[in-house]
Amino acid sequence: MQWLWGLRRLRRLRRLRVIVGTGLGWRPETAWLIDRRESLGFTEVIAESICITHVPRAIRQLRERMPIVPHGIGLSLGSAEGLSVPHLEHLARVAEVLDAPLVSEHVSFCRSGGVDIGHLTAIPRTHQMLELLIANVRQAQRVLGVPLALENIATLFEWPDAEMDESELLRTLVNETGCQLLLDVANLSANAINHAFDAEHYLDRFPLDAVAYIHVAGGMLRDGLYHDTHAHPVSESCLALLQSVRHRGCNAGALLERDDRFPQPQVLHEELDAIDQLRVMQASAHGNRRSA
Amino acid sequence: MSLEELQTQLARALVEDGDVPAGLDPRRIAAARQTLEHKKVRDEAKQKRRTTSDSPLKKLIRALSRS
């Protein structure tokens, strides 16, 4: 069985795509900054906002300059009722049109029984759910022409009777499907507050070698719960987690998400600078270790 | 109750103020419902801003850039 495990891992590694550098999520409000900031390594577009027949010229031009990752928010990979095939096919077409290195989505569900929640929602961490998730991910991989990276979401509540923690669920998902991961350190920071666990312990068990890229974002504390708003400044705890990920040797690209309450340009530049600095520090530390 | 039924019940609890599935914290679900409502209002306002704040010239440029 050991050789079979090794073969699976080898196959997975051969397909790995790692995005590098610092990125900023493309929104109409951030397009100007992405155009002007030459040091940006990549960007991300919300896949559901792209009309295949009318891709904005700004995005088409950007495709020549940097990798663009289609980021899905509505595939609902965690739906027990299965996937929407048209939605999945749309994701595949967007990836093709943008010549994307990979597609990212979430470990969550957002619709069931004809009810569209309109938001990424927690799934139960049970073996039954994991089996369904694996089946859905495999179905998605068969249709998408590029690798799939899955993101940990921020949650305000958890299902009862969890049979595993999230790191274990994600590790099994990676091993069973060969998918990659999008590690959102802001979501991890939020969940550590909301569900009172140690984020460092989570990272100890997290399969960092499967990370394709990282999300960084801001949020706010309200009534004792941390809300991942993408509309507030990036918190120190979020940057501290990014630093910890870097110290653990993960050099995958990190992308800043901002969806609302867009600040002055200087503020976004400073946040991007802070993210960039952690990447450069890790790279030079790694270089020093190699030359020592 | 099947997993699919539980997910549907939760979706209804979040969107239609239905019963909260057993074992889930009703206060946390209420907080999540409130967040959803905020998000809906925010998204609608953002959409409105994007479609109404443009001058006719901007709209023309956008239409041309799509072609």
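Does Phe197(A) count as buried, partly exposed or exposed, and at what relative accessibility? Phe197(A) counts as partly exposed, because its relative accessibility is 30% (buried is under 20%, exposed over 50%, partly exposed in between, with a 1.4 Å probe and protein chains only). Tyr202(A) sits at 7%, so this residue counts as buried.

This is a predicted model, where local features need pLDDT of at least 70, side-chain atom pairs count only at pLDDT 80 or more, and totals for chains, interfaces and linings use all residues. Residues are numbered from 1 along each chain as its sequence is written, chains are lettered from A and ligands numbered from 1 in the order written, and side-chain values use heavy atoms, without hydrogens and water.

Stay with the rings. Phe197(A) and Tyr202(A) have ring centres 5.9 Å apart and planes at 25 degrees, so they are stacked (rings of Phe, Tyr and Trp, the last by its six-membered ring, pair if their centres lie within 6.5 Å; planes under 30 degrees apart are stacked, over 60 edge-to-face, the rest tilted). Ring pairs join Phe197(A), Tyr202(A) and Phe206(A) into a cluster.

Now turn to the two chains. In chain A, 38 residues are in contact with 29 residues of chain B (contact means heavy atoms within 4.5 Å). By class, the chain A side that touches chain B has 15 nonpolar, 13 polar and 10 charged residues. The count of salt bridges between the chains is 1 (a side-chain nitrogen of Lys or Arg within 4 Å of a carboxyl oxygen of Asp or Glu). Arg42(B) forms a salt bridge with Asp260(A), and their closest N and O atoms are 3.4 Å apart.

Methods:
Ala, Val, Leu, Ile, Met, Phe, Trp, Tyr, Cys and Pro count as nonpolar, Asp, Glu, Lys and Arg as charged, and the others, Gly among them, as polar.
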